[in-house]
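Here are a few notes to read alongside the coordinates.

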Protein chains: 2
Amino acid sequence: MTVNGANGVNGVNGARAKHDVSSLKVNQSRLMDAIHTGCKYGAAHRYGDDPVETGMARLSLNDADKDVRDWFMGVTESLNCKTSIDQMGNLFAVRPGKNTKAPPIMMGSHLDTQPTGGRYDGILGVNAGLEVLRVLHENNVETEGSIGVVNWTNEEGARFPMMAVSSGVWAEAVPLDTAWNLPEVSPGEDGQRKTMKQELERIGYLGPQPASYKAFPIAAHFELHIEQGPILEVENRRVGVVKGVQAFKWFEITVKGRDTHAGTTPFHARMDSMLCAAKLIVESNTIAKKLGGLATTGILNQQPGSINTMAHTVTFTLDIRHTEDARLAEIEQTCRSEFARIAEKESEKGCTVAWKELVDSPAVNFHPDCIAAVEASAKEVCNGLPMTADDGQLWKYMISGAGHDSCYTNRRCPTSMIFTVTKDGISHNPKEYCSPEDCAIGTQVLLGAVLRYDKLRAERGDLA
Amino acid sequence: MTVNGANGVNGVNGARAKHDVSSLKVNQSRLMDAIHTGCKYGAAHRYGDDPVETGMARLSLNDADKDVRDWFMGVTESLNCKTSIDQMGNLFAVRPGKNTKAPPIMMGSHLDTQPTGGRYDGILGVNAGLEVLRVLHENNVETEGSIGVVNWTNEEGARFPMMAVSSGVWAEAVPLDTAWNLPEVSPGEDGQRKTMKQELERIGYLGPQPASYKAFPIAAHFELHIEQGPILEVENRRVGVVKGVQAFKWFEITVKGRDTHAGTTPFHARMDSMLCAAKLIVESNTIAKKLGGLATTGILNQQPGSINTMAHTVTFTLDIRHTEDARLAEIEQTCRSEFARIAEKESEKGCTVAWKELVDSPAVNFHPDCIAAVEASAKEVCNGLPMTADDGQLWKYMISGAGHDSCYTNRRCPTSMIFTVTKDGISHNPKEYCSPEDCAIGTQVLLGAVLRYDKLRAERGDLA
């Protein structure tokens, strides 16, 4: 790495000088300004008087998502990045290094949010990447290879129900047509469910670049993300060095019974699909708890939907997770057999249960070189912070509970992640919060990890 | 009663003659033709090849409901009835008797259906009334007082969520404005929820007559209805003499938790409103079963509704029933205390539960004079049928499990009901079925009950 400039954060001049990684500092207030500037697009769910005390409702490819994309393109072009847009609307912005032919190291995350989301999930990761580029830019740093930022489309899967679908297409794990044809989960104001492709076209972000790692190869992918859980906070630590992601599966479960009258059908004559579904939800949680995993039902719908008529059909989603693939399979199998038993034996005249698998995301192990780069950077950053942890270590190896775009990039290039503290472990909620100091700490770790990896690949001859 | 005609079903001439009640016979094929002719409007959910093998989706005040109302008005006017429409769209058709000043005896039910309803619930009762009028008309019968048919609006409460709301307004148990301002349960194609008043105006059935028993007094109300349960069929009987209606209450229960991430929130940190709601639904059924009543949840909604985010809010409906008011109160109180306990103690970090009462319908005891008229008619009709019941009685006293418009009419005039056999006890379902023979038997009982009551009130001087 060559830093064209003087020492310190804001030192900029024309002289070229070798420069130590640790002398480059992210600008906390600039980082937070950028986060909250972008959050003007899609702000929702106000919970306090401060202008930034709102959550977000920036569902993928809605009007606010178009606006923040325009903002992203403007920012990166002002930093002299080369930008491109692929067929899934993934936005790539690359700051050229000495070697512009080798694939870039990318810092990636997402700008879409949950319908009742917060200001940090995904948003922090993209903005941290932009802040790293700003630090390199203002210090005239010339990296060995190119370094960039990517905004992946529809990571949440909240509007188009397949999470991280666009990094999935890039990794060629999800077919382009499958992704393009995904209908939004709820009809719009006109009663129609738009597809991803329709909405990409509508907001002008259906790009020409093939959505594939072959068309846009990446040397390594680093993602800073809020933990979205309570562990770092409870243990008084500051940084998670993420070694992998727990396995998870999503299902849609359909329970069929019979729609008969609530007042005239004695219990013994009932096929009550709602009561059956309620029992299955309770049971899935019991099973997951017993086997050390997680189970969640976030959506339940019924037909016909009338107060005094039993539902003939109930569908509900089931999200199950475990750090180990084998244990996740055990949770699934136990649920399958118990659901069948409950439907047949504990639902009066009996209901039927059908399973549809929506997502199968095996446990992910990130790349040792990327983990090492994050770990080295985390150690250095933590050395400069006051000690708060009982065991004297402010960073911790972690396994991510949530899926991320990094799961898909890991299939095609070395990848790892960095976690920051999340207040009360609350995420997917308007009150989701990461303090400005922790946002900056995480970004500083990201900067150090990326520069270390840049140096590593130069030293081992990847750029020769 | 004076019959102006010869003996038998089709005998019509100008000579006046005293005529025995039992000599008037309903015309089964004409009755069934009328039922299925009317069901052309709103037919849905085909389940077989025969033209009549469909269910119904004639939600109150939709276009199909307008069409069947037009048909009803045409039929009753062709029978020389005096028709009127009140402010709730209740349709009254009265065939004048010798005394036209005294209030009429009315045969009432409803033509609206559930979204996945059948061809008999309500529809049989209105058509039975029309068939009784046809029998009187073709035989030139001059009754002592006037006799008519009423179609009550939105009995189901499926579109506008208050069952029997329009007989309720007539009885002055529900304020007119409350009913008029009821929004439909689901938005229409334009995304808007119309009110009852808007839809009454749209289809042209917002009548000028005040919706009140004072503006349209009724001498007695008789309602033929399918049982909607399995009892008559299981016991091989043909007719239910309905002495009352079980008590029921409807609630909307709101469970509040916290919307956090499904993958990163350990069980001990969760406030999962969906899991809590599932436990409450299971518990309500357990309580109702133990106390000899019924509990049903037909509708459940959640927010925000995302696969990998816990719902922060779940609302569900709770319909509880018991034949005795005191026992219903016990079910409610037990649910209230158990719901609170489960939300607080068995929902990890705890959820909150709020109750909103939608309907309170105490147990109903019908009028002894009306019950006696139905019983006498049922005995006579059953005498002419082959014996199938083990105990030698083809009719049975019953308590209705479902609410009906008759619950409200009973507050303002003597009322009772007649039940007919319902195949497999299935109702609120496209396959709801009552055989043509049983439809005719029920209608014959209705005819006999109405004529007996007409005679009774003449004899005791009500018409003097």
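**Notes on packing and interfaces**

1. In chain B, helix α10 (residues 368-383) packs on helix α12 (residues 436-459) at an angle of about 130°, axes 8 Å apart. Helices here are DSSP runs of H or I, at least four residues, and axes are lines fitted to C-alpha atoms over the stretch in contact, with angles from 0 to 180 degrees between N-to-C directions. α10(B) and α12(B) are therefore oblique to each other, the class left after under 35 degrees (roughly parallel), over 145 (roughly antiparallel) and 65 to 115 (roughly perpendicular).

2. On the α10(B) side the contact (heavy atoms within 4.5 Å) includes Ala373(B) and Ser377(B), and on the α12(B) side Gly448(B) and Tyr453(B) are among the residues involved.

3. A caveat: the model is predicted, with local features needing pLDDT of at least 70 and side-chain atom pairs pLDDT 80 or more, while totals for chains, interfaces and linings use all residues; side-chain values use heavy atoms, without hydrogens and water. Residues count from 1 along each chain as written, with chains lettered from A and ligands numbered from 1 in written order.

4. Chain A is assigned domain 1 (2-246 + 364-459) and domain 2 (247-361), with bounds from an automatic or database assignment. Their C-alpha centres lie 36 Å apart, and eight residues of domain 1 touch eight of domain 2.

5. Chains B and A bury about 5400 Å² between them, 60% of it on carbon and sulfur atoms; that is accessible area (1.4 Å probe) lost on being put together, summed over both. Each chain puts 65 residues into the contact. Thr264(B), Phe267(B) and Ile307(B) supply 13% of chain B's buried area, more than any other three residues.

How values were computed: Helices (H or I, at least four residues) and strands (E, at least two) are DSSP runs, numbered from the N terminus. Buried area is the accessible area (1.4 Å probe) that two parts lose on being put together, summed over both.
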